[in-house]
Amino acid sequence: MRLIGETGEQLGIVSSREAQSIAEEKGLDLVKISPSANPPVCKLMNYGKYLFEAAKKAKEAKKNQKTVEIKEVWLSMTIDVGDLNVKARQAQKFLSGGNKVKVSIRMRGRQMAHQELGIDVMKRFYDIVKDCGTIEKQPLTEGRNIWMMLAPLKA
């Protein structure tokens, strides 16, 4: 097997018994790096320390990652300008915080016959919040709901 030392230097091709005795002599573990290679590659290392360092790196990477949440804003087809502005300010706050926003309208009764009015409300809503986000998914009708997805602008 090909043996690599603890600092990364090549120790040459040695038998497995010889490699094991070198590892015991130095108080280290013999770890197979590439068992399918010809000859197999092994490295001398403190395996417990290696696992600890790997777990530490993984924990640090997880701490630094940002999770994106999806916030939802409900509108109505008969919403007035003032109420639309209040909902838009709320959505702008969500978008500036780095979250995605799902904008939904539930149609009731005869509103189903005038779906284009709901899509117009969605477009007016987007005109107010377009400085904070972009449309990720265009307004879409599913059953009694109309919804669209807004994503925050890239910094």
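This is a predicted model: local features need pLDDT of at least 70, side-chain atom pairs count only at pLDDT 80 or more; totals for chains, interfaces and linings use all residues.
Trainee: Which residue does glutamate 60 meet in a salt bridge, and where do the two residues lie?

Mentor: The side chain of glutamate 60 meets that of lysine 63, with 3.9 Å from N to O, which counts because the cut-off is within 4 Å. Both residues belong to helix H2 (residues 47-64), where being three residues apart separates them by about one helical turn. Glutamate 60 is partly exposed at 39% relative accessibility, whereas lysine 63, at 61%, counts as exposed.

Trainee: What is the partner of lysine 100 in a salt bridge, and which parts does the pair tie together?

Mentor: Lysine 100 pairs with glutamate 136, and the N to O distance is 3.1 Å. Lysine 100 sits in strand E6 (residues 100-106) and glutamate 136 in strand E7 (residues 133-142), so this pair ties together parts that are 36 residues apart in sequence. Lysine 100 has a relative accessible area of 25%, which makes it partly exposed, and glutamate 136 is partly exposed as well, with 45%.

Trainee: Which residue forms a salt bridge with glutamate 69, and how exposed is glutamate 69?

Mentor: Glutamate 69 forms a salt bridge with lysine 71, and their closest N and O atoms are 3.7 Å apart. Glutamate 69 is partly exposed, at 44% relative accessibility, and lysine 71 also counts as partly exposed, at 25%.

Methods:
Residues are numbered from 1 along each chain as its sequence is written. Side-chain values use heavy atoms; hydrogens and water are left out. Helices (H or I, at least four residues) and strands (E, at least two) are DSSP runs, numbered from the N terminus. Buried means under 20% relative accessible area, exposed over 50%, partly exposed in between (1.4 Å probe, protein chains only).
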